[in-house]
2 protein chains.
Amino acid sequence: MFRLSRVTDYGIVILAELARHRPDDEPAELMSGAPSLNARELAERADLPLPMVSKVLKALTRAGVLESQRGTKGGYSLARDPEELTVSAMIAALEGPLALTQCSDGEAACDLEATCSVKSPWLIINRVVQNSLASITLADLTNPGFAAQHTPLAGLAQLQTLADAPAKTTSDEVR
Amino acid sequence: MFRLSRVTDYGIVILAELARHRPDDEPAELMSGAPSLNARELAERADLPLPMVSKVLKALTRAGVLESQRGTKGGYSLARDPEELTVSAMIAALEGPLALTQCSDGEAACDLEATCSVKSPWLIINRVVQNSLASITLADLTNPGFAAQHTPLAGLAQLQTLADAPAKTTSDEVR
DNA sequence: TATTTACAGGACCCATTTGGTCCTGTATTC
DNA sequence: GAATACAGGACCAAATGGGTCCTGTAAATA
Ligand code: FES
Ligand code: FES
């Protein structure tokens, strides 16, 4: 079906909620550290079952996208600014590194490799998709005007810059 | 895991085989209709199990990517020129229309919709990926120099044109 | 220090999807 | 009318996904 898993879908919704809660660098917040919400609060805001939300949050924390604080006043907060968190990083955090086919995974992962004729094209396709997803950030997702103003090509300038670097691997971005 | 299914992977390999077999509009072939290969021949060339190849071929035919001929001299041939068959069309033929999340599917497919805050961004992300995949054709995949010469941005001009149209749905492209 | 709160890390379970084979039927050629 | 090759499913085993729950540990507070 070529879908992102449901966990990832939830993850993005939750991240959007966290980004929205962040009061745009309000001075008071700066002093008390990054603003955070706990799992229960996030579950309520996103209207999702708590156990699921908790699972997603733990995964995002492990991947380094979120930072967690234990104890009574605990909760989760973004590890970076929303502008710096790309969609491809979010996806990589929850789905693992982007590899559309076996062959585009790490090394020698595909068993067709011996006879296959299209391995290197797959690598390119992978990178193109990767760059597309890297051209959108969490900040874009929570910007109400984004959908309206965004032509399908608005991300191109950014894509341009990203493409110059040899497509940093997703793990680099996340961990 | 965010992978294309194995069937799709096979499908692309097989399509590449068919495109390669096509002798670049050799005159004799033009008269006798499009060159074709049968399932057994393709299975051998791709070194894949025949039943699997057969399944994939049938799916591709149903989707309109291939044309089939029954009987003794039967077989499969490309329904279009390799230059006109995009990667996104191939994927759509075997995986169904591109919809990275539930919400980006047709209408009201996502149950989070009521409370969700990121629906429209998803639609955009979808389209960006779609356009990326539409910027590469079967002809590119079989062009040996493609991988070497292709910078991650070589597809941009094409992407530009594609983006002007309101992102034709994958089903339009295929069926 | 005891208690409470909230995250960490898995183990599980059931439903769905994939990967793969095989069988029966129909069109084509000779 | 015999042989060939596609059409369309049924079918099964294995893997994945969606979701819950349990046990443990860190932090805050009274
Ligand atoms: S399909 Fe995997 S190496 Fe080509
Ligand atoms: S996640 Fe589906 S509508 Fe937002």
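Biologist: How many salt bridges are there over all chains?
Modeller: A search of the whole structure gives six. Keep in mind that this is a predicted model.

Biologist: Start with Glu17(B). Which side chain does it meet in a salt bridge?
Modeller: That of Arg20(B), with an N to O distance of 3.8 Å.

Biologist: Where do Glu17(B) and Arg20(B) lie?
Modeller: Both are in helix H1 of chain B, which covers residues 6–21. They are three residues apart, about one turn of the helix.

Biologist: Is Glu17(B) buried or exposed?
Modeller: Buried, because its relative accessibility is 11% and the cut-off for buried is under 20%. Arg20(B) is partly exposed, at 39%.

Biologist: Next one. What does Arg40(B) pair with?
Modeller: Glu44(B); their side chains form a salt bridge at 3.4 Å, N to O.

Biologist: How many residues apart are Glu44(B) and Arg40(B)?
Modeller: Four, within helix H3 (residues 39–46) of chain B, so about one helical turn separates them.

Biologist: And why does Glu44(B) count as exposed?
Modeller: Because its relative accessibility is 54%, and exposed means over 50%. Arg40(B), at 45%, counts as partly exposed.

Biologist: What is the relative accessibility of Lys119(B)?
Modeller: 25%, so Lys119(B) counts as partly exposed. Glu113(B) is also partly exposed, at 28%.

Methods:
Residues numbered from 1 in each chain as written. Chains lettered and ligands numbered in written order. Predicted model: local features only at pLDDT ≥ 70, side-chain atom pairs only at ≥ 80, totals over all residues. Heavy atoms only, no water. Salt bridge = Lys/Arg side-chain N within 4 Å of Asp/Glu carboxyl O. Helix = DSSP H or I, 4+ residues; strand = E, 2+ residues; numbered from the N terminus. Buried < 20%, exposed > 50% of the residue type's maximum accessible area, 1.4 Å probe, protein only.
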